[in-house]
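Trainee: Hello! Could you help me learn to read a protein structure?
Mentor: Gladly. Let us look at it together.

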Amino acid sequence: MKAIIAEQYGGPEVLQLADDLPAPRVGPNGVLVRVHASSVNPVDWKLRRGLLAPVRPVRFPVIWGRDLSGVVAEVGAAVTLLKPGDEVYGFKEGYVAKTFRGTYAELVVVPEKSLAKKPQNLTHEEAATVPLAALTAWQALLAQGKLYQEQRVLIHAGAGGVGVMAIQIAKAFGAYVAATASARNQDLLRELGADQPIDYTREKIEEICPKFDLVLDGVGRSVWASSFRALKLGGRLVTLTVPIPDEPAGKLKFFATAIAGMTGGTLRGLVGGKRLLITRVKPRGGDLEKIGALIEAGKIRPVIEKVFPLEQIAEAHCLSEQGHVRGKLVVSVIPKRREETLS
């Protein structure tokens with residue numbers, strides 16, 4: 001089995017291709033998936049650099065990666081909803097008892113509850129962009145943001161992986177959507193359905209009227225002050241990022257930074273009659289089924305900036321770390337030519 005492994009924390013150069021790894025074993029509730037495509041999420045390179053080591057210590061070697069789209073090869077004895085040959089997509093937590101076995105690999109075992117049938121109108125490469133980003137947006141907007149029809153929603157980083165999905169999900173639920181992006185991505189925001197594209201380099205969100213019911217932050221603490229000012233009384237700021245050190249740090253510095261940042265943000269919100277909430281996404285196949293229905297209905301579409309072969313995963317990580325990616329970067333594990341041969 002081919003997979004991208006890392007023997008230590010570090011830069012993209014620590015990602016190495018191994019082609020002789022044993023296939024993972026399937027437990028009772030597990031599904032063995034032959035992965036056709038994965039994608040790069042910021043959490044992947046944060047893990048690789050060791051930025052999350054205080055809360056996610058691992059034993060090396062590891063296989064990073066969260067997203068996957070592929071074909072079921074084998075199912076465990078307790079699996080009832082999937083069978084060999086089914087096309088599926090999902091994301092895998094990867095972390096179990098200090099081991100990390102992610103999706104940058106040809107074969108992956110995933111719990112049945114973390115998978116859903118792949119939308120029929122998407123290729124594997126397109127489907128691989130969806131799970132983590134769309135579930136993050138879905139759970140942040142609906143579960144924590146309490147999104148409902150005709151709310152005014154502001155989405156930061158609207159051209160990024162989560163932002164692309166968040167705009168479309170919010171519009172599907174009948175919200176008025178404003179979204180921020182750089183000047184070059186204003187047309188993309190309109191294409192995704194944003195009612196009010198905002199060039200964050202020129203416009204101040206706190207000056208927009210009327211105010212917003214909900215703000216989704218995928219940027220970080222730097223936008224919290226302006227976001228609180230852009231919210232109505234009783235509004236919610238849902239963030240996807242806890243403040244953490246910019247470089248690998250010990251537990252003391254890590255937790256001091258995180259606690260201080262969240263405490264300060266929470267107090268700032270309470271003083272203004274608003275709330276700061278943080279989302280921790282969960283790999284729920286049931287939510288993915290609902291997202292898949294919206295995709296098949298044409299209400300959500302993926303946005304891909306570039307597709308990399310598995311062997312070029314380091315280049316994909318480098319591009320992701322630079323920021324300003326439009327949509328997602330895809331990692332093709334089984335190229336389309338081989339997909340046709342296998343089908």
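Trainee: How many of the six residues of β13 are buried?
Mentor: Before that, please note that this is a predicted model, in which local features need pLDDT of at least 70, side-chain atom pairs count only at pLDDT 80 or more, and totals for chains, interfaces and linings use all residues. Residues are numbered from 1 along each chain as its sequence is written, and side-chain values use heavy atoms, with hydrogens and water left out. Now the terms: buried means under 20% relative accessible area, exposed over 50%, and partly exposed in between, using a 1.4 Å probe and protein chains only. Helices (H or I, at least four residues) and strands (E, at least two) are DSSP runs, numbered from the N terminus. In β13, six of the six residues are buried, so this strand is largely enclosed by the rest of the structure.

Trainee: Which strands form the open sheet, and in what order?
Mentor: Strands of a sheet pair through backbone hydrogen bonds, either parallel or antiparallel. Two strands count as paired if DSSP finds at least two bridges between them. Here six strands make an open sheet, ordered β12-β11-β10-β13-β14-β15, and the pairing is parallel. β12 (196-199) and β15 (275-278) are at the edges with a single partner strand each, so one side of each has no neighbour in the sheet. On average, neighbouring strands of this sheet are turned by 20° against each other, direction ignored.

Trainee: Which strands does β13 have bridges to?
Mentor: Three bridges link β13 (residues 212-217) to β10 (residues 152-155), and five bridges link β13 to β14 (residues 231-239). On the β14 side, F212 is partnered with L231.

Trainee: Is T180 buried or exposed?
Mentor: T180 belongs to strand β11. T180 is buried, as its relative accessible area is 4%. Contact means heavy atoms within 4.5 Å. Leaving out residues up to four places away in sequence, T180 touches several residues, including L154, H156, L189 and Y200.

Trainee: What span should helix α8 have?
Mentor: The expected span of a helix is 1.5 Å times one less than its number of residues. For the twelve residues of α8 (residues 285-296) that gives 16 Å, and the end C-alpha atoms are 16 Å apart, which agrees.

Trainee: Where do the buried residues of α8 fall, seen down its axis?
Mentor: An α-helix has 3.6 residues a turn, so residues three or four places apart point the same way. The buried residues of α8 are G285, D287, L288, I291, G292, L294 and I295. They fall within an arc of 160° (taken from the directions from the helix axis to the C-beta atoms), so they line one face of the helix. These residues pack against β5 (87-91), β9 (115-117), α3 (131-144) and α4.

Trainee: How many residues of α3 are buried?
Mentor: Twelve of the 14 are, so α3 is largely enclosed by the rest of the structure. Among them are P131, W138 and Q139. After α3 comes K146, with a positive phi near 55°.

Trainee: How many disulfides are there?
Mentor: A disulfide is a covalent bond between the sulfur atoms of two cysteines. The rule used here asks for a pair of cysteine sulfur atoms within 2.5 Å, and the count is zero. C209 is exposed, at 62% relative accessible area, whereas C318 is partly exposed, at 35%.

Key. Axes fitted to C-alpha atoms, helices over the stretch in contact; angles between N-to-C directions.
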